[in-house]
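Hi,

Here is the model I promised to pass on. Have a look at it first, and then read my notes below.

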Amino acid sequence: MTAIVDYGVGNLFSLKSSMEAIGEETVVTSDENVLRTAERIILPGVGAFEDAIKKLKETGLDKVVIEEAQKGKPLMGICLGMQMLLERSFEYGEHQGLGLIKGEVRFIGEVIPKDLKIPHIGWNGLHLKGEKHPIFKYINEGDHVYFVHSYYGAKCSDCTIATAEYGAELTAAVADNNVCGCQFHPEKSGDVGLRILRAFCEMGGMA
Amino acid sequence: MITKRIIPCLDVRAGRVVKGVNFQGISDVSSPVELAKYYSENGADELVFYDITASFEERAIFTDILKEVARTIFIPLTVGGGINTLDDFDRVLKCGADKVSVNSGAIRNPKLIYEAAKRYGDQCVVISADVKRVDGVFRVFSKGGRENTGMEAVEWIKRCVDMGAGEVVLNSIDTDGVKKGFDLEMLDAVCNAVSVPVIASGGAGGIEDFVKLFKTVPKVDAGLAASIFHFGEVKISDLKMELKANGIDMRI
């Protein structure tokens, strides 16, 4: 069973539906006990970093997510959820992240040419980096996924498992053992996205 | 790089997909859920649903159908039609829409764009404009293209983007339903005025019209069409292969 963390940010209908479409039993929850008993956790997120991390901390679920991840439970952050896994964010000020993965959140305008539109929105190809991560088991180099973001994960170095080219190599996915994150939206990336979610559900824990 | 997008548009009334020619002479085509699934499996990059119902009961049917679509397909969904308040935004977003398109609702109350963008983010708010030449000037029309608002179109669209609209659907009434190609002149004028994605709508008659669109107005991000897809005149997979062969970046 997969638990999607519900901390009052965004709409989780599509994410839950996409998990059900691959046959995975999925619960949207803000209950600590459910997160602790789930086989894996998805941390979603939309909107601004400061507001989201504040809400997550207010629920106290940040500690639960960190502890479960440290025990080896598979954890996937999606979009802003991925950014929250990093150490800090520079979106409107400086804010602490969960620190589960190396890196910091920066404005894409700092690295892409001025004539490109912000946000980076639409379908873009994945460039897989390093050894193929288990979540990309059913993915090929160049497969397209759907992005909507104005900030990205910088300095993720060897935790970067995929990038997308948008006038610069933007971090598309990160991972450190059982903890992974996608900047794009697998639940909006058609069949490719469903294959990533399926591979995540097949990923074992790392105790 | 980001690919250009191909977007089928589904006008939904009383639970069925319909498409008018020049906004008149509506004919029933198919089931929204079936069509959406078909398009998603055959290469559509996104879907636009327009709720063209008038009554309260039909609106409830529309939201049920939207939910069913969002449960079945997993590509971005834009919903428009009858969006007049923040509650309307809320209603369709909860059913799985990713973007909400406003047209007459924004003309009546431009602040709606600002308020929706503040609450849901710019990327969520799409300004859809029906535009027609009147004495050589691009004018914005409301109420499904029936009423001339007197506003100049490029200025109106710029104003909407300044208020927070994150995307523009430009529907040319002059070319809509005529099937002789998109309104390249109108699109060029809008693309040069705003820095958010612009979706071309109205006039697609065949594959060559899309090739011409992306070649002539490279700033356009997406091409939208309805009847040529619904009636099978153009298959999206064939269209995308042909565009790719012409050097246009596509998700195949």
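To start with a detail: which residue just after H1(B) takes a positive phi? That is Gly43(B), with a phi of about 105°. Before going further, some housekeeping: this is a predicted model, in which local features need pLDDT of at least 70, side-chain atom pairs count only at pLDDT 80 or more, and totals for chains, interfaces and linings use all residues. Residues are numbered from 1 along each chain as its sequence is written, while chains are lettered from A and ligands numbered from 1 in the order in which they are written.

**Chain B overall**

The C-alpha trace of chain B spans about 45 × 40 × 40 Å along its principal axes.

Of the 252 residues in chain B, 54% are buried. Here, with C-beta atoms placed from the backbone, buried stands for 20 or more other C-beta atoms within 10 Å of a residue's own, exposed for 12 or fewer, and partly exposed for anything in between. If you take the contacts in chain B between residues at least 6 apart in sequence, 65% join residues at least 24 apart; a contact needs C-beta atoms, placed from the backbone, within 7 Å.

**Inside chain B**

Back to H1(B), which covers residues 32–41: its buried residues are Pro32(B), Leu35(B), Ala36(B), Tyr39(B) and Ser40(B). They sit on the same side of H1(B), because they cover an arc of only 130° around the axis, judged by the directions from the helix axis to the C-beta atoms.

The largest nonpolar core has 85 residues, and Val100(B), Ile157(B), Val168(B) and Leu170(B) touch the most other members. A core in this sense is a set of buried Ala, Val, Leu, Ile, Met, Phe, Trp, Tyr and Cys residues joined through C-beta atoms within 7 Å. Helix H6 (residues 153–162) of chain B gives the largest share of this core, six residues. Leaving out residues up to four places away in sequence, Val168(B) touches Ile127(B), Ile157(B), Val190(B), Val194(B), Val196(B), Val198(B) and Ile199(B).

Strand E7 (residues 125–134) and strand E8 (residues 137–142) of chain B pair antiparallel over five bridges (pairing needs at least two DSSP bridges). Val134(B) has Val137(B) as its bridge partner in E8(B). Two residues lie between the strands of that hairpin, where Asp135(B) takes a positive phi near 50°. E8(B) is also joined by three bridges to strand E9 (residues 147–152) of chain B, again antiparallel, with Phe141(B) opposite Asn148(B). The hairpin of E8(B) and E9(B) has four residues between the strands, and Lys143(B) has a positive phi near 55° there.

**Chain A**

Chain A has six helices and 14 strands. The C-alpha trace of chain A spans about 50 × 35 × 30 Å along its principal axes.

Four strands of chain A form an open, mixed sheet in the order E6-E5-E7-E11. Its edges are strand E6 (95–96) and strand E11 (151–154), each pairing on one side only. Strand E5 (residues 88–89) runs antiparallel to E6(A), with two bridges between them, and Ser89(A) stands opposite His95(A).

Asp115(A) lies in the loop between strand E7 (104–107) and strand E8 (120–125) of chain A. It counts as exposed because it has 8 C-beta neighbours inside 10 Å.

**Where the chains meet**

In the interface, 21 residues of chain B are in contact with 24 residues of chain A. On the chain B side, helix H2 (56–72) and helix H3 (86–94) are the elements that give two or more residues.

Cheers

Conventions
Two residues are in contact if their C-beta atoms, placed from the backbone, lie within 7 Å.
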